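Here is a protein model to question. Look at it first, then test each label against its cut-off.

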Amino acid sequence: MTPDVTITVIVFNDAARLPRAVRSALRQTHGNIEVIISDDHSTDDTPRVARALAARDPRVRYLRLEENSGGCSAPRNRAIDLARAPYLMFLDSDDELPERAVEFLLAAHAEREADFVMGAVERVRVDTGRTSTWMPHLVAQRRTVEGIETEPGLLFEHLSTSKMYRKSFLDHSGLRFPEGIHYEDQLFTAQAYCLAKAFTVIPETVYRWYIQPYGAASTASISNQRHKLANVRDRVHVQGLIDDFLRASGHANLREAKDYKFLKHDFRMYAGDLPYRDDAWLRGFADLVNPYLAGLSPTAYERLPRAERVVLRLVRDGRLAEARVAARGLGHPVAPRAAVADPGGRLYWGARLPETPEARRELDLTDLGLDTRPFPGALFRHELTRVEPGPGATLRLSVRTYDPGLRLPVGPQVAALVVAPAGRRLRVRFRLDPVRPGVFAGETVLDLARAALPPQGFEGVRHPVVQLTEGRLRNSGLLLAPLGFPAVTARVGYRHGTAPHRVTAEPEGRGAGRLQLRWTPVGVTARLVRPLALRLTRSASGRGAGTPRSGTPGT
């Protein structure tokens, strides 16, 4: 009997996870399928595992490439040529298909003719078990799209694995995965969107994507190798290939939407990493991205949030140290260290006036209201300049506060460091003295042993904030840590009836780089808290934690 759907599972040196992926395909509620395990010439135990899986179920076929291709495209393309079904899906060996994925996608194909059907992707954090939906706003509504020009925002959903394709569409259009490049999904999916006369979007979850953002560098997926300049080069290269395709295929009108997607998604991921990169990396990064950035649509830049436009402009102008500073405010209400006013009273990022019309437009902070916002929402910047361990569980902290809008009155300020583990607040007051207009500095001691913990124990992470006051009004702001300070660990909870814990102070390690406090129960407390936490995580996710992607398309 001819299968209805061919599911290609690509694999390379992933013997441990391959059975889970294949099982997820075989347990589909729609069972008339074939599974092709396409092995990119693995050198581990994958061939033996794959052959055993094929021997166990006649729906499974094993294909082994004669040599390693170094990517995802070749094993997928070889399987397309062998597929017997009229519909095709692609699965990576470290991910899964939800049980009704084939059923949902095939039903949508039956309802209305479409070149492909796409559904929701569930992301599962391997380290926490937490789940989320990839680009949920794009798949929330069931609909058939008559050409990508009607919804160019769908270019943000560039995964090939979230879709079921009509094989005749791929064959007649000549569409195959581009070989010899990374980020092949982005080019393949852009081509599929443009070549399809119609495609259907459904809200049901059709793919389960396991991600491990902070796994070992040696096993990190392509999208988690952003620390490599080669990764930047690969991503920029594929954007150029997409641009060439749009131009050659008569879809140049999509260029602005595609440029916006690159700035908002691709560049934004690298921008969030800038605080953690050294000077040499920053220079190399700028050399790679700036020629491409110069050719992007001005209207794509205008659609970005202000904080992202600031980082982009600083990178483009070669102000890389300032770009690193600005990037710590992405996604958070953090002020710049300084702002400068022109003769007309407009405020700009940094300590010097921008020199070009483009820089003036993109570094203009006037409507941010640095000098006019109501005090509870006023923007400040609090940075730790020193973190030193003291006696017991104490930390000696030096704090510098920047007030570029000159909101605070002249003279010393009363501030407080606030942290609340398990909902129980610890508040430590200290004084900020003026250093120069708009800059204050102070010191305090944080005794972590004073943080009240529940009798049953607490396991979790908290980020202290700095509170300023104006009369009865309070303003709370992030406390940014020195990114290179070594973690400090102390034991707490051996007095006053509090359960014993280990508490670690460290930089956040991602994003803004806030000061992070991590409580871990020890001894009997650990045996009580951790099983409960594990049960809650499994209950929330509906499954055990998985493992990271093995080298499939970056996001």
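Predicted model: local features only at pLDDT ≥ 70, side-chain atom pairs only at ≥ 80, totals over all residues.

Residues are numbered from 1 along each chain as its sequence is written, and side-chain values use heavy atoms, with hydrogens and water left out.

Q: Why is Cys72 called buried?
A: Buried means under 20% relative accessible area (exposed is over 50%, partly exposed in between; 1.4 Å probe, protein chains only). Cys72 has a relative accessible area of 3%, so Cys72 is buried.

Q: Why is Cys194 called buried?
A: The relative accessible area of Cys194 is 9%, so Cys194 is buried.

Q: How many disulfides does the structure hold?
A: A disulfide is a pair of cysteine sulfur atoms within 2.5 Å. The structure holds zero.

Q: What makes α7 largely enclosed by the rest of the structure?
A: Helices are DSSP runs of H or I with at least four residues, and strands are runs of E with at least two, numbered from the N terminus. Eleven of the twelve residues of α7 are buried, so the helix is largely enclosed. Among them are Phe188, Tyr193 and Cys194.

Q: Why do β17 and β20 count as edge strands?
A: Two strands pair if DSSP finds at least two bridges between them. The open sheet runs β17-β22-β21-β20, with antiparallel pairing. β17 and β20 each have a single partner strand, so one side of each lacks a neighbour in the sheet.

Q: How do you know that β21 and β22 pair?
A: They share seven bridges, in the antiparallel sense. In one of them, Arg502 is partnered by Thr520 in β22.
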